[in-house]
Amino acid sequence: MDQTKQDEDYGYELFPERHEGMHKKSPFKEALTTFNHKCQFMLQVAMETSPYAKLLLSAMNNSGCKVSKDRHFSCEDCDGSVSGGFDAASSQVVLCQNNIHQQAHMNRVVTHELIHAFDHCRAHVDWFNNFRHLACSEIRAANLSGDCSFTNEASRFHLGLKEHHQECVRGRALRSILAVRKISREEAQKIVDEVFDSCFNDHAPFGRIPHSKKDAKFAYRDYMNRSRYYANL
Amino acid sequence: MDGRIAATWRPPRMCEDYLNEFRHCKSFSNRFHHYYAYGTFPACHQWKEDYHNCRQWETHSNTEAKEALQKSERTRVAEQKNFKPVWELRREPPRDWHMPLNQENPRDS
């Protein structure tokens, strides 16, 4: 298959460092001219302190996909305003070091991409050929990562209250699909609508929609307690 | 029923967790987020009942309380599964998850 066409079809042009033959850069030059170290540092902080990330890492470990920071995460420069991505072909979470500058943002991107990784680990997700699968994972990631919290939406000047969370999830899922696949807006909207009810209600591994850090801490506590929980149902 | 199982049963969560969930459920912050997500306000009374039943079991080994608590938690689990999955779950993790990066990874997941 022609590599260029394949890359275009699957959104790889957003992640130029993922193209063939562009991996080799002098580490010294890289350290001086990129945000690589800052990205690595913020990633470490996210993995150690964010209850969202800790829960997902634990769930993935228990599903047989132990996450190794060096193998499964990659800090890279990306195009445009993309913050990150999950590359199923290499089983890697890509973090856009040129677009993530605050810890809170890093925490959210790590959570969002780990949700994709978790879906990849626990289900037969056909990322490349099945738009329903892609839409479902995007709905879940927007729903459960805090992407659509009231504060984040307000900071984007999307002010809404009653059920706005759902509107945001639909919108962000649609945007994410359109960013990485060649498909019409109408078609993408139709697919999001088809799978929305199912995927919005799939809260694995959180057991709830973690609206806040407190929710996430409760969810983490419940996850660590799951043996006792299921044994005594 | 097997006497050994009855003797070793304990509530699915620590009683304190039920109380914390009740308090969290009633909080302004949670009520706000629930309305923001679902357009309605949360019903929190079940957490309070569960806490009460949990304490009843702990202090008096009340079997009615135990059964009520189990029923409540089973309903919670069922509610979490109340959707038709879009994809098929795996029986094993993806073969290439741990494979080193410089090897050819098949696109098939």
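**Entry 1: a buried pair of cysteines**

I looked up A:Cys78 and A:Cys96 and found that both are buried (under 20% relative accessible area, with exposed over 50% and partly exposed in between, using a 1.4 Å probe and protein chains only). A disulfide joins the two, with 2.1 Å from S to S; the term covers a pair of cysteine sulfur atoms within 2.5 Å. The torsion about this S-S bond of A:Cys78 and A:Cys96 is about -90°, so the disulfide is left-handed. A:Cys78 sits in the loop between E1 and E2 of chain A and A:Cys96 in strand E3 of chain A, so parts 18 residues apart in sequence are tied together. I noted for myself that a disulfide is a covalent bond between the sulfur atoms of two cysteines.

**Entry 2: where I am looking**

This is a predicted model, in which local features need pLDDT of at least 70 and side-chain atom pairs count only at pLDDT 80 or more, while totals for chains, interfaces and linings use all residues. Residues are numbered from 1 along each chain as its sequence is written, chains are lettered from A and ligands numbered from 1 in the order in which they are written, and side-chain values use heavy atoms, leaving out hydrogens and water.

I found a count of 7 disulfides over all chains. One of them joins A:Cys136 to A:Cys199, 2.0 Å from S to S. Its torsion of -110° about the S-S bond makes the link of A:Cys136 and A:Cys199 left-handed. A:Cys136 belongs to helix H7 of chain A and A:Cys199 to helix H10 of chain A, 63 residues apart. With the bonded cysteines of chain B numbered in sequence order, the pairing reads 1-4, 2-3.

**Entry 3: the sheet**

Next I traced an open sheet of 3 strands in chain A, with the order E1-E3-E2 and mixed pairing. Helices (H or I, at least four residues) and strands (E, at least two) are DSSP runs, numbered from the N terminus, and two strands pair if DSSP finds at least two bridges between them. Strands E1 (73-76) and E2 (84-87) of chain A stand at the edges with a single partner strand each, so one side of each has no neighbour in the sheet. E1(A) runs parallel to E3 (residues 92-96) of chain A, and 4 bridges join them. A:Ser74 stands opposite A:Val94 in E3(A). Helix H3 (residues 36-49) of chain A packs on the sheet and touches E1 and E3 of chain A; contact means heavy atoms within 4.5 Å.

**Entry 4: salt bridges**

How many salt bridges does the structure hold over all chains? I found 22, each a side-chain nitrogen of Lys or Arg within 4 Å of a carboxyl oxygen of Asp or Glu. A:Arg122 and A:Asp119 form one, at 3.1 Å from N to O. They are 3 residues apart in helix H6 of chain A, about one helical turn. A:Arg122 is buried at 14% relative accessible area, and A:Asp119 is buried at 0%.

A:Glu194 and A:Arg132 meet in another, at 2.8 Å from N to O. This pair links helix H10 (residues 185-200) with helix H7 (residues 131-144) of chain A, 62 residues apart. A:Glu194 is partly exposed at 44%, and A:Arg132 is partly exposed at 36%.

Last, I noted a network of salt bridges with residues from chains A and B, including A:Arg208, A:Asp222, B:Arg13 and B:Glu73.

Notes:
Axes are lines fitted to C-alpha atoms, for helices over the stretch in contact, and angles run from 0 to 180 degrees between N-to-C directions.
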